[in-house]
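Colleague: I would like to learn how to read a structure file of this kind. Please take me through it one feature at a time.

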Amino acid sequence: MHCGCPGRRETTTSRRGFLKNASAGFGWLALGGLLHDPAFAGDPQSLTTHLVPRAKNVIFCFMDGGPSHVDTFDPKPMLKQLEGKAIGEDAVSKRSQSAASRVWLGSPWEFRQRGNSGLWVSDLFPRIAEVADELCVVRSMLGELPLHGQQNLLLHTGRIVGQAPSLGAWVSYGLGSENKNLPGYVVLNNDWVPNGGLENFGSSFLPASHQATTLRPTGTPVDNIAASDSPERQQFKLNLLREQDREFALRTDDTDAIESAIANYETAFRMQSTIPEIADISHEPQHIQQLYGIDSADEHQRLYALQALRARRLVEAGVRFVEITCPSFDGNNSPWDQHGLLKQNHEKNARVTEQSVAALIIDLKQRGLLDETIVVWAGEMGRTPHTPSVTPTCGRDHHVNGYSIFMAGGGFRCGMAFGRTDEFGNSVVENQVDIHDIHATILHQLGVDHERLTFRYGGRDQRLTDVHGRVLHEILG
Amino acid sequence: MSLTAVLWMGWVSMSTATAAEELDFFESRIRPILIQHCYECHSSASDEVGGGLLLDHRAGWQAGGDSGVALVSGSPQESLLIKALKQESSEMPPAGKLPDDVIADFERWILGGAVDPRDQPLSAAEAAAESWRSRLAERRQWWSLQPPKSVAPPELNGERWSREPVDRFVWSALQQARLGPAAPAEADVLLRRLSFVLTGLPPTSEQVFAFSPAFHKHPDQALEQLVDELLDSPHFGERIARHWMDVVRYTDTYGYEWDIPARGSWQYRDYLIRAFNADVGFDQLVREQIAGDLLAEPRINVQEQFNESLIGPMFYHLGEHRHGSSLDFNGIHQEMINNKIDAFSKAFLGMTVACARCHDHKLDAISQADYYALAGVFMTPRWTARSIDAPGKHAAEIAELRQLRTQIQQQLGEFWTAADGPLSSGTDLRQWAFAHRDLFATATPEQVAFPFLKLVSQTQGVAPGDLSSLPPELASVDHSASKIWQQLVTSWKSVNAQRQSANASAFTSLSAFVKPGFPDGWVTEGDGILHGYVVNGTPLISLEGATLIASFLPRGYHTHALSSKLPGAVRLPAAAQFSQSHVSVQLSGGEWAGYRSIPQNAFLSEGPAFFDPLADPVWTTFSATLLKNGVTRVLAEITTASLNSNFPPRTGVARSGSVTLADQDEGYDKRSWLSITGIVAHDAGGIPLDTLPQFSALYDTDTDSLPATDAEYWQRLCDWQRGAIRRWGKQESQPGDVPLLNWMLTTGLLSNDASLIPQAAELVKQYRQAESRITFPRTANSMDERGVSSVNYRLNIRGNVDDEGAAVPRNFLEVFRGNHGVAEAAGSGRLELAAYLSSHDNPQTARVFVNRVWQWMFGTGLVATPSDFGQLGDRPSHPELLDWLAIQFMNEGWSTRKLIRRLALSETFRQSGLVDHAAAERDPENRLLHHYPTRRLEAEAIRDSLLAVSGRLDRQLYGRPINPPRGSEDTTKRLFTGPLDSLGRRSLYMEMSIMEPPKFLVGFNLPDLKLPVGRRDVTNVPAQALILLNDPLVVQLAEFWGTRLVDDDSPDCEQRVRTMFIRALGRLPGDRELKRLTSAVQRFAKTGSVTADSVMTDKAAWSELAHVFFNTKEFIYYR
């Protein structure tokens, strides 16, 4: 898995070396005759994994903005009992927007034990509650700073400052793609840029082919994927170009680069049909569409349902890592960021997303795909169990000092809750988990040792988990 | 018997002479090696002691480590230490095996009894210092830290390659490798290469036609002519500027959550373009970027009247700025500092100082202390906006405005003094007052109108609110006038006395602006302040509408006194230097002027508080009480919008009430103003009380006589007002006159109607014309260290921001100590740093820069890692050539242009891309330069070529960034979409937003904007094919070209295809190509169901062919 090249310079070398080894002049093959396409493959030397993989794919439902843990998966009756009481100096933390004078705020939603497992899920998530027995909830997440940009980058790249590849890029780099006409990492997003920037989806120092390809719910699904020509005309042009480029390649010293660029045209040609095919869900049976909520009256829910269903189709087609972002409905690009109007807007966010998330789990399971697909549900933070003052429109602020996320499928233990926060959900008291641990565990399930998946850059072997990360065997089946 | 005892006995039983010898051997041969190679992991300074073994004192190795006893005295064979050094067991030291003679010394030492006088373990600090000192001594021997060596170019005999020294170095290295250079490139290849390398644009058809014949006739002459022509092109500056922008992480925004515009960034981009076009010496550019605000003789752009040097420090501001103050989110601030240090050290030094944030550099001569010493240098100045207009830029207009203002005042003074009307007599005033009583129906005792109100209402015995219903003819009773008067006088005198005394006891006046100037330690900026001092009553001339004057100004500073386009900033001394715990400033302002306090130089604190333009002056308190919880410095400033370094603020920030700046507003060209009319210092809370001076001329009279009648009362009011007018006409206004005059102006007692006072109206018209000639200021984020004291930065232990160690004295890197005066400097030391870096004494600056230029010219530098000349970087392929170039460069005035010319004309550069087998085999990386490599165009050059070839390129230089086309807008982040072709402007003018950089460019490896990048990646991915096949911009430009093609004067298809080759690829087609593409266009026409004859006019067909050209690999590569 180790790339073995010190810094950027040798990226070129290894590409050349690889093309020499693997292609045997594939650039000259006729259109459609290409079977070997390195463009989306990961490290070519070795696509065998470190460990026996439990899962093949990841679907990451990113709950951007930070859903409240004490209103979803971490019941805290004390908050109701002491509602309106000042939290005091002891409850203040730099990992939380806190001050001694703030007051506890009880949850507006009832919590119940669900399924056979008795996992606690609040009434905010009635559909997710129905699949409670599939969930592996971690209630003891600890972040670094209560800020969207930093936490987004931490969640995605393992560093609060970013400047490192996204988890999806690492997975793509480490495992390659099972489908040569599809990228290894796809983000289902609606063109908005999350806090922290597009870097959240980037490949940083990894080769650019591992950065996320963004699929939009409306309009052209992927940039430039709609052919500007009819297939016949495009084929005609590509034939012309191939002849033209071949002559050029012979006049240069870097034939490999030109050949590779020619090959990219062949791949691009095929992507133009593959990607729209996958994006098109119209042939999915009616009951499946309904399961996801494609028929919803709410436009945002329809968009999210469409993306969730596409996520399943992408995974089926061999994409390694799919991320779904939440639709933004009021110009806020952190949809779950309810500093005010907690009840109203958390309910709206829940309505938009939770049915589709539950549907994804059900659908994957009935297709036998849940075992090999890790579904991750996580925001970049939780929300404060306290508020400046209890009012009808009050909300909860940024909190990374203990919050909840869940995994489903992919060999994670199901129907369990791991880790514990204090009686207010204000700090972690048992089994503290950080993002690096989650990253390490996800990679582990994919058969990858997070300490051995490295890329030489800036003079050292970089890895997703930097110098951190522990595989959480306690939550693995 | 324990091992220790055995060893100790061995030591004591030696003869004294032997012991001394052994001791000497240890000190000279063993200890230095231990310090240098072992202490880092095996001493108390180690973060984690390797294998549990301490080698920093005797008992340490005697106790041994996890693997057991480290050495057996007298028996090297049994000693694990020797095995490790020989790399037989573990491999120590990890950086590489020590020389055999050193290992032999260790064996000898152990054999001799392992004498070791080190009784006590060192403290962590001692061990670290000792270990660092010895490592530094070794590391300073590194090649790139040595001054460039003057080496004569090798001598060759009679070869073409012997003319240019550069070539002789290259040739002789090739010879040594038994290789030779490639054959010279053909004319068309050379033209295209030079055009892209020097301007980033393809050659024009005219150049293609002209160059080849000229080259065949006189190759050297033609080439020189071409190179000079390209160097003279303004696009040369754009090209080199864009390269440098990568190095300094150029952005137009600050990224993070709100992507706030980076004020003046584009000014810095244009500064670079101008500088490279004008061939400003690189030493000067170094001085300007590091300390442009401190240069004794700044570089003035005479033509456009601004200070170029002051733009340089924008270099520091680039990169990401996260919002929020350092106080709220410790950690973020330090990340930003890290980015600044990273950019500085990579750009100018080719060193990676940022790596030393958490620990001494693992391999290079950079300690952790160096990092924090440098942080102190950079964090001493204020990071703030500067006005970069040249002093006196608007001197003529300012003088004219001043003169007109005086004339207007004279005219109006005469007019108002002589005017008939309500102020003619007490009776007239009384009549006016009753007619206009609703104007002062709600006056408070503090307001000018109050005596009017009192008299009108109380003489009638009615409540003020009922005044408007009272007919004027009913008002004529005298009996209460004197009583009212008495009350007013008494109450005013008592209030005035009380307040004066309260003010005197609680506040120390620092300035009431009786004279121009600010107190010591206060720093000002901008023409608004320079020309903003006024005496009481100075009229603020109306710049629009039918009125003549807008108001009368109180004594003090008003940035808009002459024009609200003039910028102004007032910077307070650091809070720690306040004479008392608070300083309060009497402030007003408007149109996005504001003030803010900045703790610890937070780069993007969420200020400022904006003024409400409608509010009266307010005493605003700046407080030293913020100096707690580790905050050691608070800097406050009051600025107009143009001098606010964080303007425009993030979207949605309200000014006052709910007035917000429109999302679309980028904050350019804003009229804005601020006024400062008093400064006091105080220890207790509160603000100075208003002593109501406007009434002093009315109540504080020498005589105690009271007005006896209503008429006398009115006459006094009338005299009070006339007095103010008279004094004003003579420019002798008193402090209390200003509110009085302003009240008269707003109530209409003073006529302000242009149509009624034609002489004044004419002057006001001239005033407005002169004011309109004043341009909006140029400002840019830069630095200002006037009036600030130096900062030493605290070391963060292991880089942990919550674990602060001792403050590290400001300094430049220890390895260069003794060569510069940074530590001794009175200010930040930036000026001294800049002087050293731009001198011949610094080994790095010139060498790092010439290497960059080499890379820009040849694709790879002589050092392939242009921003890292350290251990982790590459070694130079031609060290002597690199040194020769650096020395030559400095000797030729650090001229980038001369350097580039020299390289462009070299035989090395003129080579073709033909590689022979031996060369490909022996030097596949082409480090010896045996041919010119095929290079892919950078993202910008690809897009610019599309524009140039299609005919859409707008060659205009400079200007504000242009929004790139976007899939969707996010107005709250100011991510707006622009026209698909960005108006045909070159790519470097597109807005480089950190949050969402132009997608087209990103597709072709535009680097991560917030990081300094020495060398761009070149990837080759299908998304690039998709862009060129389907991106609407490419399709649109193909159509643009196709549409223009059908109007050319080509007689037939073949001829037109030839012109397309020349335009797109800079060459004529071969026969086969010509045939292929000519028949293609006929085919395109056919599929478009057009008859064969009309192919020549078929726009669609030619657009298709244009599209094919854009998609050829040759279009995006040059060789």
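Colleague: Is B:Arg135 buried or exposed?

Modeller: Buried means under 20% relative accessible area, exposed means over 50%, and partly exposed is in between, with a 1.4 Å probe and protein chains only. B:Arg135 has a relative accessible area of 6%, so B:Arg135 is buried. This is a predicted model, in which local features need pLDDT of at least 70, side-chain atom pairs count only at pLDDT 80 or more, and totals for chains, interfaces and linings use all residues. Residues are numbered from 1 along each chain as its sequence is written, chains are lettered from A and ligands numbered from 1 in the order in which they are written, and side-chain values use heavy atoms, with hydrogens and water left out.

Colleague: With which residue does B:Arg135 form a salt bridge?

Modeller: A salt bridge is a side-chain nitrogen of Lys or Arg within 4 Å of a carboxyl oxygen of Asp or Glu. The partner of B:Arg135 is B:Asp360, and their closest N and O atoms are 3.9 Å apart. B:Arg135 sits in helix 6 (residues 124-139) of chain B, while B:Asp360 is in the loop between helix 15 (332-349) and helix 16 (368-379), so the pair links distant parts of the chain, 225 residues apart. Helices are DSSP runs (H or I, at least four residues), as are strands (E, at least two), numbered from the N terminus. B:Asp360 is buried too, because its relative accessible area is 17%.

Colleague: Which residues are linked in a network of salt bridges?

Modeller: B:Arg386, B:Glu525, B:Arg571, B:Arg596, B:Glu637, B:Asp784 and B:Arg786 are. Take one pair from it: the side chains of B:Arg386 and B:Glu525 meet at 2.6 Å, N to O. B:Arg386 belongs to strand 3 (residues 382-387) of chain B and B:Glu525 to strand 5 (residues 523-525), 139 residues apart. Both of these residues are buried.

Colleague: Which residues have the most contacts inside the largest nonpolar core?

Modeller: A nonpolar core is a set of buried Ala, Val, Leu, Ile, Met, Phe, Trp, Tyr and Cys residues joined through side-chain atoms within 4.5 Å. The largest here has 315 residues, and those with the most contacts inside it are B:Trp244, B:Tyr268, B:Phe344, B:Phe812, B:Trp1102 and B:Leu1105. Apart from that core lies another, of 59 residues, among them B:Leu488, B:Tyr713, B:Trp714 and B:Trp728.

Colleague: What does A:Ile442 touch?

Modeller: Contact means heavy atoms within 4.5 Å. Not counting residues up to four places away in sequence, A:Ile442 touches A:Val58, A:Leu167, A:Ile374, A:Val376 and A:Phe412. A:Ile442 is placed in helix 11 (residues 435-445) of chain A and counts as buried because its relative accessibility is 2%.

Colleague: How many residues does the contact take from chain A and chain B?

Modeller: It takes 66 residues from chain A and 66 residues from chain B. Buried area is the accessible area (1.4 Å probe) that two parts lose on being put together, summed over both. For these two chains it is about 5800 Å², 54% of it on carbon and sulfur atoms.

Colleague: What is the count of salt bridges between chain A and chain B?

Modeller: The count is 10. A:Arg233 and B:Glu1104 meet in a salt bridge at 2.5 Å, N to O. Helix 6 (231-251) of chain A is one of the helices that each supply at least two residues of the side touching chain B. Helix 6 gives the most to that side, with 13 residues.
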